[in-house]
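Biologist: I would like to learn how to read a model. Can we take one feature at a time?
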Amino acid sequence: MDTHADDSLDRRFMQEALAQAALARDLDEVPVGAVIVLDGEIIGRGHNQVRSRIDPCAHAEILAIRDAAQRMGVGRLPGAVCYTTLEPCFMCAGALSHARMSRVVWGARDPKFGACVSLGNVLTDERLNHRATITEGVLAAEAAEILQLFFRSKRSGS
């Protein structure tokens with residue numbers, strides 16, 4: 001777990017990820033958003049689009065990785081940081097590892113699908129040839145709230 005991160009930068013970029021989550025919510029998608037940052041600049045953005053794209057792999061992190069890789073013209077993103085509003089699932093954690101993300105920062109834990117601390121440790125497993133530094137809990141309350149409000153509205157039928 002990373003304890004030396006710049007809190008103000010982490011908060012700034014997590015706000016950008018939360019803005020992406022709001023875009024997902026507005027599409028009636030599960031409100032998760034992600035941004036990829038390299039050298040202090042956002043190089044990729046993504047928000048969940050599973051329903052709108054009819055693609056079970058269209059998670060925020062995957063779309064942000066694709067956006068960043070295409071913009072940069074590369075297949076790997078060493079030195080980059082992913083900010084995501086929710087702890088990545090196994091698919092996304094694997095993609096972040098394959099992309100050689102140096103650090104992954106998230107807001108809320110995902111006890112049902114999280115693959116970084118909740119159900120597994122994909123990003124930090126010593127058996128892998130690449131490991132990322134992780135930071136959790138950045139703007140966790142805000143990240144959890146957008147999800148809770150979304151699912152509450154689904155349960156109430158509004």
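Biologist: Which unit do β3, α4 and β4 make?

Modeller: First, the ground rules. This is a predicted model, where local features need pLDDT of at least 70, side-chain atom pairs count only at pLDDT 80 or more, and totals for chains, interfaces and linings use all residues. Residues are numbered from 1 along each chain as its sequence is written, and side-chain values use heavy atoms, without hydrogens and water. Helices (H or I, at least four residues) and strands (E, at least two) are DSSP runs, numbered from the N terminus. A crossover is right-handed if, with the strands pointing away from the viewer, the path from the first strand over the helix to the second runs clockwise. Here, β3, α4 and β4 form a right-handed β-α-β unit.

Biologist: How many bridges join β3 to β4?

Modeller: Strands pair if DSSP finds at least two bridges between them. β3 and β4 run parallel, with 5 bridges. β1 and β3 run antiparallel, joined by 4 bridges.

Biologist: Is Tyr83 buried or exposed?

Modeller: Buried means under 20% relative accessible area, exposed over 50%, partly exposed in between (1.4 Å probe, protein chains only). Tyr83 is buried, as is Phe13.

Biologist: How many aromatic pairs does the structure hold?

Modeller: Rings of Phe, Tyr and Trp (its six-membered ring) pair if their centres lie within 6.5 Å; planes under 30 degrees apart are stacked, over 60 edge-to-face, the rest tilted. There are 2 aromatic pairs. Phe13 and Tyr83 have ring centres 5.4 Å apart and planes at 40°, so this pair is tilted. Phe13 sits in helix α1 and Tyr83 in strand β3, 70 residues apart.
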